[in-house]
Every structure is written in C-alpha cells, then in structure tokens.
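The following exercises are meant to be worked through slowly, with the sequence and the structure side by side. Try each task yourself before you read its solution.

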Amino acid sequence: MGQPVLRVEALSVQRDGVLAVDGVSFALPAESDTALVGPNGAGKSTLVAAVLGLLPRRSGEVSVLGRRLGEAGQLPRSVRSQIAYLPQTLALPSRLPLSVAEFVAFGFDPPGPRLPWSGGRRRRQAVRRALQRTGCGDLGERLLSELSGGQLKRVLLAFCVVRPRRLLLLDEAQAGLDATASEQFQQLLLELRRQEGWTVLQVSHDLEMVRRCCDQVLCLNRRLRCSGMPDHALSPARLVELYGPNMVPYRHHHSPSASHG
Amino acid sequence: MAEPTALVAVLAQPFMQRALLGGLLTGSLGGLLGSFAVLRQLSFFSDALGHSALLGISIGILLGINPTLVLIPFAVIFALLINQLVERSRLPADALLNIVYSSSLAFAVVALSLVETYRGGIQQLLFGDILGIGWLDLAVIAVLLVGALGYLALSLRAQVLLTLNNDLAGAFGVRANWHRLAFIVLLAVVVAVSIKAVGVLLISAFVVIPACAGRLLSRRFPIYVASSAALGGGCALLGLLGSGLTNLPSGPCVVIVQFSGFLLALLFGQLRRQAPA
C-alpha cells in the first residue's frame, strides 16, 4: 500500500474558544472514499476546514500527498492544486452576472494570482469537457444564480473535474437535495472518482448512502469515536454510542439502514 | 437648451477640461470598485466611509493641516478600525456602520462649528467641488485607477470565489482576510481621493449606482465590470457637461445622470427578459 493521500495525526482544533476537534488521527489511502459522520456540532466541518488549512491547529499534524501543512495553513502550490473542495452552499447574490462556464473556468487555473484572460483555448476546451462529463453540457451559458439545487451541485463537480486533482473534500455536499437528486449526485461522484482516481473525504448525514458507497467511515464527536468499514462502524450499538440513545435503527425499503430517531 | 457655442466655450476652459477628465477617472474608478463592493455587500461600507470622511477633514482643519493630506491616512485607518469592530463585536454590520457613521458625522459637525473661519465652505465638503480639481489630483486618481485595475485583474478569481464561499476560496489558497483588508483599504483610498470631487454625501452613489446598473445589463462577469466602470465614467462626463452648461452644482448633476442611467438599465433589463428567446 502506497503513501496515504491525506494523513492527520493527533489533530486538535479550537473554534470560538471551544475544543471542537480533539486528538484525531486517521489516514486516507489513495482512491478511497471515506465518510465523516457524527451529530451536529461534532466538529466535522471544523476538521475539514483545518485539513484545508483554513483554521489554526492547536496541536497535531496534517499532511497532504506527503507534504506537511504549514503553521498558517500553507501548502506548496503544486499540492494545493491537487485539492478540491465542495461546500454545502454558495452565497449566490441574485442576478450575479457570472455564467456557469465562467465559474467552472475559475477551477481550471492552478492557485495563485493570474490574469483572467490567460489560458485561452485550452481552458475553454477543458471547461466544455468538464460540463459534458457532469451532464451540464447545456448549462454553460446560464447564470450560476439561475440554477436549481441539483444543477448547482453538478456544476460544483464540474468545477472539481475541470483539472486533474487527487483529493476531494465534500462538506455535506448533498444537503438540500431531494432523494432522487441526491442519488444522482452520488452516482456521478462515484463515477468521476473512479475515472479520476480521486481520494474522497465527505461529511455526510446520509448514513444509508455512506453504507452503500463508502469504503471507510470515521465517526466523530469531537474525538474519533470509531472508524472502519461501514458495516463495522455503523453497527446499531456504535450508532447509539455516537448519536445517543434516541438513535433508532430501522430497515430501509431496499437495504438495512439506520437513521436519527 | 444650451447653444453649441456655449458648449464649446465651456469645453475651452482649462478648469472644465480638468473637471471632465477628473470626472471620467473618478466615475470609472467608482464603477470599477463598486462592481465588486456591491457583490461583496460593502456598498454601505463606502457610504459610512464617505460620511466619516467629514471627521477626517474636520481634524485636518482643526490641526491646521491641508484636509486632503489628512483624508487618505484617516480613511485607511478608519476603514481598518471599522473592519476590526465588525469582526470582533459580532453585531450586524449594517447596524454597526450606522453607529459609526452617524457618530463620526456628529463629531465632525461639532468640530467644524469650533472653526469660525473655515474658508472651504461646508457646501463643497458635502457635495464636492469637481471644478476645483488640479493636475496633482488628476495624477493621483489616474495612478489609483491603474493600481485598482491591476489588483482586481490579478485577483479576479479570488474576489469572485470570496463572494461565493470563503472556504471554497481558501481551498484554492486564497487568503480571505488579506484580500478583504486589501479591498477595504483600496475602497477607503478611492473614497478619500474622490471626496474632493464628489463630496461626502454623494460618494456612495459613485460606487453603488453604476455597479447596480451594470449588473442589470450584464450576463458575463468581465462585461459587468467593464460596463460598471464605463457607466460610472460616462455618467460623470455627461453630468459635468450638464453642470457646466446650466451652472448647477456638479456632484448632484452627476448623480442625477447616474440615476437616469440606472432607470434606463432597469427598463432595458425588463424588456430583455420579456423578449422571446
């Protein structure tokens, strides 16, 4: 087994004066799909933000592709350009004059200052290809603020796939989608992950999806409560331990599952 | 209706030529920065800075220093302090800005009332005196315009991503705090430099109106930024010409033209949306 794409060692993060993440360690093998689950306020988004270098660490180390995250969250541009991040929402001002193609093009250039017209034909081709691969081929000219929730999530995936990357972090990317759109999004993510060789870490509350699609689960509630294969980490006893006694396992209409009670 | 000869006579005046060039540059700069300020919900920030500038001018007058020299450092320091206040107090930004600008306006009026022989005239401070713009003012505004163009062109992606989601921008290595501070300082300097021409009461119009009109007309980001700057510059030119021909105050004339442009953009935007694809 090769070097992990992401390694987190004894990570502690303080947010708003509270220890939100306490001594968490894990590693993501290349091309794995890992879910980060836990109740609200468990520190999942804080952990993702710390991995991205957006929050200061109280202690511990984070390494991406073998390179350590600096004290102020800095990474070499060559490593930073290998990371993609999908937020839960975008703050889209009404009538924002930004087309889908323009937005996806922002994902093409590597990090750092760059003149907006650099890249030219190569960038246009990459944007067209990314939009087609995510089923957004006909959305390029639309305004980003005019899209439905499902379309916006696919466009965000196009933003990630417009250039080769290794690590994809998703923070409740399926929030706000109905069951059908959520399933379509997950299928598209799975397909792109296989094609691109992405290593994925996704924060999710959809335990049914996690059970079906992920290779590994990290159960977080400030500290890492358990981890492992979905069937092991999401056993009824462990879910009660993680979410509390109100967690009632139930049987889904097509597969066994559990959800919040 | 003014005769063509009157227009030629107005244009032949050196002070009017400087005023037109100053208006073009100030208007373009206001539109350019405004296109980003409006998206990042900083339009009220520019208004607060404009009103607070009167305090900077008052301090300059009380200390016997040229108010123009005091204004730029005052505006920058004031903008940074407001930014800190908004971040640390965690109160709604609009309420805080209201407190800051009304208080500084009150202090400024009290300070000015202590100066019996202020020769500049409160009218000029409030509504600007674009006809009093000198070549040095023009050079400063031109340098600022070039600097703002360079910074915004190089950081376009960062500015847009920061508008959409701070963490998305941060994942790209964009330093959100650094860019926020840089933009606020730039906005403060532009407001400070434009006060002489536009006045403290109307400065926010130069930032907000062309940007909103540009937003109604555009579906592409570069076109939005360019049209906001062009509308800002064009409306300033037309307003100043109107002011020169009718002897009406220059600042209000420009803002009335900007407002007319905004109404036209609103109408055009509505018609375009109703037109069959």
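**Exercise 1. How many bridges join strand β1 (residues 6–15) of chain A to strand β4 (residues 59–64) of chain A, and do the strands run parallel or antiparallel?**

Solution. Keep in mind from the start that this is a predicted model. Begin with the pair itself: β1(A) and β4(A) run antiparallel and are joined by five bridges. Next, find a point of reference within the pair, where E9(A) stands opposite E61(A) in β4(A). Then widen the view to the sheet, which is open and has four strands in the order β2-β1-β4-β5 of chain A, with antiparallel pairing. The edges are taken by β2 (18–28) and β5 (67–68) of chain A, and because each has a single partner strand, one side of each is left without a neighbour in the sheet. Finally, look for the helix that lies across β1, β2 and β4 of chain A: this is α1 (residues 44–51) of chain A, and α1(A) runs at about 115° to β1(A).

**Exercise 2. Which strands of chain A pair with β9(A), and in which sense?**

Solution. Take one partner at a time. Strand β3 (residues 33–37) of chain A runs parallel to β9(A), and four bridges join the two; within this pair, V37(A) has C219(A) as its bridge partner. On turning to strand β10 (residues 223–228) of chain A, you find antiparallel pairing with β9(A) over five bridges, and here L218(A) stands opposite S227(A). The hairpin of β9(A) and β10(A) has one residue between the strands, and R222(A) takes a positive phi near 70° there.

**Exercise 3. Are the faces of strand β6 (residues 83–86) of chain A covered or open?**

Solution. Treat the two sides separately. I83(A) and Y85(A) lie on one side and A84(A) and L86(A) on the other, and since all four are listed as buried, both faces are covered. Then look along the sheet, where β6(A) runs parallel to strand β7 (residues 167–171) of chain A and is joined to β7(A) by four bridges.

**Exercise 4. At what angle do helices α3 (residues 43–63) and α4 (residues 67–89) of chain B pack, and how far apart are their axes?**

Solution. The angle is about 135°, and the axes are 8 Å apart. That angle makes α3(B) oblique to α4(B), and the crossing is right-handed. The residues of this contact include A48(B) and L49(B) of α3(B) and F74(B) and F78(B) of α4(B); by class, they divide into 15 nonpolar, three polar and no charged. Now follow α4(B) to helix α10 (residues 176–198) of chain B, where the axes come within 9 Å and cross at roughly 145°, again in a right-handed crossing. This second contact has 14 nonpolar, two polar and one charged residues.

**Exercise 5. How many residues of chain B are in contact with chain A?**

Solution. Counting on each side, 23 residues of chain B are in contact with 26 residues of chain A. Helices α7, α8, α9 and α12 of chain B each supply at least two residues of the side that touches chain A, and α8(B) gives the most, with five residues.

Methods:
Residues numbered from 1 in each chain as written. Chains lettered and ligands numbered in written order. Predicted model: local features only at pLDDT ≥ 70, side-chain atom pairs only at ≥ 80, totals over all residues. Buried ≥ 20, exposed ≤ 12 C-beta atoms within 10 Å, placed from the backbone. Pairing = 2+ DSSP bridges. Contact = placed C-beta atoms within 7 Å. Axes fitted to C-alpha atoms, helices over the stretch in contact; angles between N-to-C directions. Parallel < 35°, antiparallel > 145°, perpendicular 65-115°, else oblique. Left-handed = near helix turned anticlockwise from the far one by under 90°. Nonpolar A, V, L, I, M, F, W, Y, C, P; charged D, E, K, R; others polar.
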